[in-house]
Amino acid sequence: MPIFEYICKDCGKQFEAVLIGDHKAECPGCKGQQLEQQLSTFAVNTKGSSSSRPTAPCGMPGGGCGGGGCGFNN
């Protein structure tokens, strides 16, 4: 699910919203809908050993799905 970041033009509150389908964002502070969408970034966890092996999106170690056997790449 995408998470969108906004600043309310009415009250200045900065907030995040998860929008599903055609729902519109609304300020949680003043219920305003005059919003400015912000450029979102994603978080990266850099904790851990540099010798740790990468993990594939499906969770299998080694950074690969080994020919797609897990069903993630099908």
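The questions below concern the predicted model shown here.

Colleague: In what order do the elements of the chain run from the N terminus on?

Modeller: This is a predicted model, so local features are taken where pLDDT is at least 70. The chain has zero helices and three strands. From the N terminus on, the order is therefore β-β-β.

Colleague: What share of the residues in the chain is buried?

Modeller: The accessible surface of the chain is about 6,000 Å², and carbon and sulfur atoms account for 50% of that surface. A residue counts as buried when its relative accessible area is under 20%. Of the 74 residues in the chain, the buried share is 18%.

Colleague: Among contacts between residues at least 6 apart in sequence, what percentage joins residues at least 24 apart?

Modeller: Contact here means heavy atoms within 4.5 Å. Among the contacts in the chain between residues at least 6 apart, the part joining residues at least 24 apart is 26%.

Colleague: Which elements give two or more residues to the largest nonpolar core?

Modeller: That core has eight residues: Tyr6, Cys8, Phe15, Ala17, Leu19, Ala25, Cys27 and Leu35. The elements that contribute two or more of them are S1 and strand S2 (14–18).

Colleague: Which residues does Phe15 contact, leaving aside neighbours within four places in sequence?

Modeller: Phe15 is a member of the largest nonpolar core. Several other members of that core, including Tyr6 and Cys8, are in contact with Phe15.

Colleague: Is Cys27 buried or exposed?

Modeller: Cys27 sits in the loop between S2 and S3 and is part of the largest nonpolar core. Leaving aside neighbours within four places in sequence, Cys27 contacts Cys8, Cys11, Lys13, Phe15, Gly32 and Leu35. With a relative accessible area of 1%, against a limit of under 20%, Cys27 is buried.

Colleague: How many disulfides does the structure hold?

Modeller: A disulfide needs two cysteine sulfur atoms within 2.5 Å. The structure holds zero. Cys11, for one, is in no disulfide, since the nearest cysteine sulfur, that of Cys27, is 3.6 Å away. The sulfur of Cys30 is likewise too far for a bond, as the closest cysteine sulfur, in Cys8, lies at 3.6 Å, and the count of disulfides is zero.

Colleague: How far apart are the C-alpha atoms of Cys30 and Cys8?

Modeller: Cys30 lies in the loop between S2 and strand S3 (35–38) and is partly exposed, at 35% relative accessible area. Leaving aside neighbours within four places in sequence, its contacts are Cys8, Asp10 and Cys11. Cys30 and Cys8 are 22 residues apart along the chain, and their C-alpha atoms are separated by 8.6 Å.

Colleague: What is the phi of Lys31 near?

Modeller: Lys31 is in the loop between S2 and S3. Its relative accessible area is 52%, so Lys31 counts as exposed. The phi value is positive, in a residue other than glycine, and is near 65°.

Colleague: Which residues does Glu36 contact, leaving aside neighbours within four places in sequence?

Modeller: Glu36 belongs to strand S3 and is partly exposed, with a relative accessible area of 41%. Its C-alpha atom is 9.9 Å from that of Gly12, which is 24 residues away along the chain. The contacts of Glu36, with those neighbours left aside, are Glu5, Tyr6, Ile7 and Lys9.

Colleague: What accessible area do Ile3, Val18 and Ile20 have together?

Modeller: Ile3 is in strand S1 (residues 3–8). Its relative accessible area of 47% makes Ile3 partly exposed, and that value is over the 30% required of a patch residue. Ile3, Val18 and Ile20 form a nonpolar patch on the surface, and their accessible area together is about 270 Å².

Conventions. Residues numbered from 1 in each chain as written. Predicted model: local features only at pLDDT ≥ 70, side-chain atom pairs only at ≥ 80, totals over all residues. Heavy atoms only, no water. Patch = residues over 30% accessible without salt bridge, like charges linked within 9 Å, V, L, I, M, F, W, Y side chains within 5 Å. Areas by Shrake-Rupley, 256 points an atom, 1.4 Å probe, with all protein chains shown as cover. Salt bridge = Lys/Arg side-chain N within 4 Å of Asp/Glu carboxyl O. Helix = DSSP H or I, 4+ residues; strand = E, 2+ residues; numbered from the N terminus. Buried < 20%, exposed > 50% of the residue type's maximum accessible area, 1.4 Å probe, protein only. Core = buried A, V, L, I, M, F, W, Y, C linked by side-chain atoms within 4.5 Å.
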